[in-house]
Amino acid sequence: MDRTPRVLIAADKFKGSLTAVQVAERVTAGLRRIAPRVEVEALPVADGGDGTVDAAVAAGFERREVRVAGPLGDEVSAAYALRGDTAVVEMAEASGLQRLPKGVFAPLTSSTYGSGELLRAALDAGARTIVFGVGGSATTDGGAGMLAALGARFVDADGEPVAPGGAGLRDVVTADLSGLDARLSSVDLVLASDVDNPLTGPKGAPAVYGPQKGASPDDVETLDAALAHFARILEKAIGSKAAEYAAAPGAGAAGGIGYGALVLGARFRPGIEVMLDVLGFAPALDRATLVITGEGSLDEQTLHGKAPAGVAAAARAAGKEVVAVCGRLALPPDALGKAGIRRAYPLTQVEPDIAKCIADAGPILERVAENIGRDFLS
């Protein structure tokens, strides 16, 4: 009987320290010091936010670079991933906070136009299924910029296009969606997100996520009113569905780009579930005797749709043992157990200095992986 241990590393990035690919490389190195014969399969994962394209490329998708508009309108180089007729598009590549100059926020004026250009590029490449990962946005424009890039028109009382960004939506008088790219009607567009917020209100995009993008309380009020007005104008264009979409789970994702995607006919699915399907997680899980997942911080947010929780749930359903690596651990053992994670190994376990953990995350993670090897593979 073959007793060679088979480990599947399905971890997300350690934000600000290591990419998901680097996490897998470091864990592999540490495990092999303790168990040289271990068979390791790496499947970097993401939940739809930043890092989603990288995860797809690591799983065998082709990386495609295109020039699109950044959140402030300046041209940036953004990537999407393609395999066959399936594309993975990450809105943060075009419209993410990472695209803003350091220390600069533009909560009222940043636009998702470039995200629409990315979707159009995927259509041009022949995609019939598009997984649209949303998260990490610099924007709160309800997806209006994205819709405009795909052929919609939003004009003011003078018949002029409204200004980009969420605040400009206050001036929309007419929404014309007749010019939307006809190919969208024959594409399976999947909205992949780890949040289920509605568009507006106390749990909506401006109130919950606006402050992270530099929005003051007055800005939040302005954006919430503008998005509510935008939804009412769209109701005149497409009927009662506009209001249903605004209240739907995921509409508030990534500054309301989820709403724009629903208007395009997207179906909402939790990001990690979609990505596990796209990346081929199930057959990799079948081959594994131990699963290692993780992310930078294992905390309450992890339990609500983040990658490690999705990996652990799928692994537990398959009867596989799961452990997690992380930079910081803020969950008690009982919460980990309920999530399907037998044990978590934070970097602080071997290096109490958090600053050193961030600066030297790679070597420290290798030492953490050695501990996993001793506990589970020796």
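This is a predicted model: local features need pLDDT of at least 70, side-chain atom pairs count only at pLDDT 80 or more; totals for chains, interfaces and linings use all residues.
**Stop 1: helices H1 and H15**

Select residues 20-34, which form helix H1, and residues 361-376, which form helix H15. The two axes lie 7 Å apart. They pack at an angle of about 45 degrees. H1 and H15 are therefore oblique to each other. Their crossing is right-handed.

Now show the side chains at the contact. On H1, select Val23, Arg26, Val27, Ala29, Gly30, Leu31, Arg33 and Ile34. On H15, select Gly362, Pro363, Leu365, Glu366, Ala369, Glu370, Ile372, Gly373 and Arg374. Colour them by class. The contact of H1 with H15 has nine nonpolar, three polar and five charged residues.

**Stop 2: Glu370**

Stay on helix H15 and pick Glu370. Is Glu370 buried or exposed? Its relative accessible area is 14%, under the 20% cut-off, so Glu370 counts as buried. Which residues does Glu370 touch, beyond those up to four places away in sequence? They are Gly30, Arg33 and Ile34. Each of these three also belongs to the H1 side of the helix contact.

**Stop 3: Ser193**

Move to strand S9, residues 188-193, and select Ser193. At 2% relative accessibility, Ser193 is buried. Look at its side chain. A polar atom there lies 3.1 Å from the backbone nitrogen of Val195.

Next, display what surrounds Ser193. Leave aside its neighbours within four places in sequence. The contacts are then Asp47, Val134, Ala253, Phe268, Arg269, Pro270 and Gly271.

**Stop 4: helix H9**

Select residues 253-263 for helix H9 and pick Ala261 within it. Ala261 has 0% relative accessibility and counts as buried. Not counting residues up to four places away in sequence, Ala261 touches Phe132, Met146, Leu189, Leu191 and Ala266. Two of these names, Leu189 and Leu191, fall within the residue range of strand S9.

Draw a distance from Ala261 to Asp277. These residues are 16 apart along the chain, and their C-alpha atoms are separated by 20 Å.

Now pick Ala254, also in H9. Check its backbone. Most residues other than glycine have a negative phi. Ala254 is not a glycine, yet its phi is positive, at about 50 degrees. Ala254 is buried too, at 10% relative accessibility.

**Stop 5: helix H12**

Select residues 307-317 for helix H12. Which residues of H12 are buried? They are Ala307, Pro308, Ala309, Gly310, Val311, Ala312 and Ala315.

Show what covers them. The cover includes helix H10 (271-279), helix H11 (281-287) and helix H13 (333-339). Strands S11 (290-298) and S12 (321-329) are also part of the cover.

Pick Ala313, another residue of H12. Ala313 has a relative accessible area of 38% and is partly exposed. Draw a distance from Ala313 to Ser378. The two residues are 65 apart along the chain, with their C-alpha atoms separated by 26 Å.

Finish just after H12, at Gly319. Its phi is positive, at about 75 degrees.

Definitions and conventions. Residues are numbered from 1 along each chain as its sequence is written. Side-chain values use heavy atoms; hydrogens and water are left out. Axes are lines fitted to C-alpha atoms, for helices over the stretch in contact, and angles run from 0 to 180 degrees between N-to-C directions. Helices (H or I, at least four residues) and strands (E, at least two) are DSSP runs, numbered from the N terminus. Angles under 35 degrees count as roughly parallel, over 145 as roughly antiparallel, 65 to 115 as roughly perpendicular and the rest as oblique. A crossing is left-handed if the near helix is turned anticlockwise from the far one by less than a right angle, and right-handed if clockwise. Contact means heavy atoms within 4.5 Å. Ala, Val, Leu, Ile, Met, Phe, Trp, Tyr, Cys and Pro count as nonpolar, Asp, Glu, Lys and Arg as charged, and the others, Gly among them, as polar. Buried means under 20% relative accessible area, exposed over 50%, partly exposed in between (1.4 Å probe, protein chains only). A polar contact is a pair of N or O atoms within 3.5 Å; within protein, one must be able to donate a hydrogen and the other to accept it, and residues adjacent in sequence count only if both atoms are side-chain atoms.
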